[in-house]
Amino acid sequence: MAAPADVGMAAGPAEATAASELSRALGRLLPGLEADSKMGRRRALEALERALDTAAGPGSDPVTFQGPWAGLLLPRLLRLLADPAEGCRALAVHLLDLGLRRAARPHDALPRLLPALAARLVRLEPTRPPPEGCEELRLALVQLLGLAVSLGGAALAPYLEDTVRALRSTLLDPFAAVRRESCECAAALARATPDHFHMQSESLIGPLMQTISHQHWKVRVAVIEATGTVIQFGNAKSVDDILSHFAQRLFDDVTQVRQAVTSVVGGWLLSLRDRYSFFHKLIPLLLSSFSDEMPEIRQSAASLWEKVGLQWQKENEEDLKDKLDFASPPPPHYPPQESRPGLGCRELVFRNLSKILPAICHDITDWVVGTRVKAAQLLPVLLLHAEDHITQHLEIILRTLQRASADEEKAVVSSCTRSAELVGTFVSPEVFLKLILAMLKKAPSSSGLLVLASVIRGCPRDALQPHVKVIALELAQPHICQGSENDLYLENLLLCVQALVSVCQEDCGAASLKLLEVLVTVMAVSGGTGLGDKAQKTLDALAVVENVPSSQDLYRKHMGALLEQLTALQGDWTIHSTELLQFIVLLTQSGSVIGENLQYVIPTLRTCLQPTTDPHMRLKLFSVLSTVLLRPDDTVNSQGQFHGHLETVLKDILVPNLQWQAGRTAAAIRTAAVSCLWALVNSSVLSATQVQEAQEALMAHVLSTLEEDSTVTRLMSCRIINTFLETSGDAMDPDKSLKVYPELLKRLDDVSNDVRIAAASTLLTWLKCVQNSEGKAYYQSNIQYLYRELLVHLDDPESAIQDAILEVLKEGSVLFPELLVRETEAVVHKHRSAAYCEQLLQHVQATAAVAL
């Protein structure tokens, strides 16, 4: 039965009567709620639910329902929240939800409802489970708490502590749905009690931040949005506690999570009460979304940032009056692909840059890749806003870019390159060159060169023009252009030249010598990598801006100066000397220009190819010289002046290196020297007289090389001797001639068939020379010995050798045919096959018949 006080709560007689009737109807059901059996209590709750649906349905008067609800149902239902039966607890929660929604004054229930909910939701200890063990019921309880918050409004203020205590527990609930509902409830609580919430808001930040990394992305989004509302209506000091967590969420794989961070941070920048104190902390978070992979997030961040700038500009109109009235135009050569931010946005970044930069400079070298990438992506956004104001922070920016440009992550390097280009756009070259060149002078590095290349690329041509010579001169300094053989270092050095040529165009003409020196160094040191091709393309581009037909003309213009500078210390060169490698590049790449500068080339070769110099260097130079001599008209003899240096090449370069010395390295050098000689005598550069001069100087040395271990050396030596004999004809001194054939006969026993055939061919040429000689009789005994030795090889197992020897004997038969016949008939029975002997005899007879 309803107490008189409960019934009196109705507003008028009619309402009082209706309330009394409802109280009596409900009172008949209430004793069942105290039943000992759970089934009894459950049936009573179900009956009560039906009664409420009938008597207090959606169309009923809330005022009539208020009295019975507050006096009869509420206390009993709250007690049932601790009922042992899960079903009873669930029905009790449902009826409490129903009652709150239909009561006229739901806030009257708060004094009893909120402590009861807290009792079921708050853990006594963090490690223990909550009193309510059922996940679905905890969710229903949190939803009931949310309903109480939304209906209670400002009346919740006295019970804020109980509510927050319950939320601190449910925000860490194992059930994801409970956490999401708790986040919504926390946000609703903040909005409902704006005047008092700040006293309790800080206690919610800890649980929220513990939940922000939850595995369910919807929970993470709910936490971020709830945190935004909690701090918006609570204590703004908590911003410091959440910054690192929000920054981490910018790396979230889920787009919605990153979008939530962007929206919340943008909202704070627009409406947080103490936002001016946190601009330097919040701006980086919002601007980081400018580089998000999703276009919608980038657009959202840009839109929010524009609103922030406009709002700040409006709030500070007095301070910005001059800048607004006399708006400065965009800086000249503003990046065409970028749209200039508004004045408010630019001023916000400029005024906070000194506080933001240190954090970025720290994060850009963080051990976590993602952090480095985000920090590097943020830096160009800030520089684009700061424009020429970055000059006052230039030293720390350049130092940071130099460190970060050495990162292994391409995204970091790419962003740093973009930042450096903006430095070049907004800062005077006189300022940034002073700092960058000083860094390179102190410690040359590939990252420092990359920064220099990038700032040059971003700098306007008219601003850079007065400094072209200074840059080129510094790049050509040995401590920079020869600072490392690392491919990345050389590539970035090449980038500097490419950037200078690309930006300054014809203005590079004043510094083309130094730029050519750098390019030659890159080609020299890079070895077999693709950098050589890139350097050649850059050289071609330099030739274009120099207005010369080709890179050959560029070499022609500066070859003398380059060689004079390079060869100053030629006596100290080794295989590892950069100057040697540069010299080789000039020999191999300049083509016909070599022939115009033999006064530098030949003396340098003579100095470097002496037996006392580095053997490996000599090997390298002989190889290059052989290559050059294969095309003499296009290289050393392009001006027809090589003959003037022939004596130096023969006597001062080749002769000393053909002399026998012990060791494999010495043998390799002799092979290289023989190759060089073969290239020389086989080319069209020497006249017959000059070949004879070469023979006089070198024949004895070449004959000695027939005994070399190297098959290639022996083969080329045979061919060289053959060329000497063909050129000299019968003019060769008989005594010297007789020293030739015994050495060639030895080569018929060579292990290489190629050498044997070459030796046979050379013997044939020697016999031709003897035929043309006037004193054939002088050679008779030697020819007889030669016949005998050749007839031995006519029975060689190799048919190719037999054929070659047969041709030699046929050629030699003209000298002393009777003698050859006797010698042949004396050995024919010893041969395995008489076929070749018979061919030879037939040839001799046929030749004799023709002579008659």
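The largest cavity holds about 60 Å³ of space, a cavity being a set of points, on a 1 Å grid over the protein atoms alone, where a 1.4 Å probe fits but cannot get out. The volume is the space filled by probe spheres set on the points, with grid points joined across faces, edges and corners. This is a predicted model, in which local features need pLDDT of at least 70 and side-chain atom pairs count only at pLDDT 80 or more, while totals for chains, interfaces and linings use all residues. Residues are numbered from 1 along each chain as its sequence is written, and side-chain values use heavy atoms, with hydrogens and water left out.

**The cavity and its lining**

- The structure holds one cavity of 30 Å³ or more.
- Its lining, made of residues that have an atom within 4 Å of a point, consists of Pro-611, Arg-618, Pro-656, Asn-657, Gln-659, Gln-661, Ala-666, Ile-669 and Arg-670.
- Helices α33 (646-658) and α34 (664-682) each supply at least two residues of this lining, and the largest share, three residues, comes from α34; helices here are DSSP runs (H or I, at least four residues), numbered from the N terminus.
- By residue type, the lining divides into four nonpolar, three polar and two charged residues, where Ala, Val, Leu, Ile, Met, Phe, Trp, Tyr, Cys and Pro count as nonpolar, Asp, Glu, Lys and Arg as charged, and the others, Gly among them, as polar.
- One of the lining residues, Arg-670, lies in α34 and is buried, with a relative accessible area of 2%; buried means under 20% relative accessible area, exposed over 50%, and partly exposed in between (1.4 Å probe, protein chains only).
- Leaving aside neighbours within four places in sequence, Arg-670 is in contact (heavy atoms within 4.5 Å) with Asn-657, Leu-658, Gln-659, Trp-660, Gln-661 and Glu-708.

- Just after α7, Gly-153 takes a positive phi of about 60°.
- Phe-175 is found in the loop between α8 and α9 and counts as partly exposed, at 22% relative accessibility.
- The C-alpha atoms of Phe-175 and Leu-139 are separated by 8.3 Å, although the two residues are 36 residues apart along the chain; neighbours within four places in sequence aside, Phe-175 is in contact with Glu-135, Arg-138 and Leu-139.

**Helix α35**

- Helix α35 (residues 688-704) has 17 residues and reaches 23 Å from its first C-alpha to its last, close to the 24 Å expected.
- At Leu-698, α35 bends by about 60°, the bend being the angle between axes fitted to the seven residues ending there and the seven starting there.
- Leu-698 is also one of the buried residues of α35, along with others including Val-691, Ala-694, Met-699 and Val-702.
- The cover over the buried residues of α35 includes α33, α34, α36 (711-728) and α38 (741-747).

- Arg-346 is found in helix α17 (residues 343-363) and counts as buried, at 14% relative accessibility.
- Not counting residues up to four places away in sequence, Arg-346 touches Arg-340, Pro-341, His-385 and Glu-387, and its C-alpha atom is separated by 4.8 Å from that of His-385, 39 residues apart along the chain.
- Arg-249, in helix α12 (residues 239-249), counts as buried at 14% relative accessibility, and its contacts beyond four places in sequence include Ile-212, Arg-220, Val-257 and Arg-258.

**Positive phi in loops**

- Glu-387 has a positive phi of about 50° although it is not a glycine; this residue is found in the loop between α18 (369-386) and α19 (394-404) and is buried, with a relative accessible area of 5%.
- Asn-547, also not a glycine, has a positive phi of about 60°; its place is in the loop between α28 (531-545) and α29 (551-566), where Asn-547 counts as exposed, at 71% relative accessibility.

Conventions:
On a 1 Å grid over the protein atoms alone, a cavity is a set of points where a 1.4 Å probe fits but cannot get out, and a pocket is an open set with protein on both sides within 12 Å along at least five of seven lines; lining residues have an atom within 4 Å of a point. The expected span of a helix is 1.5 Å times one less than its number of residues.
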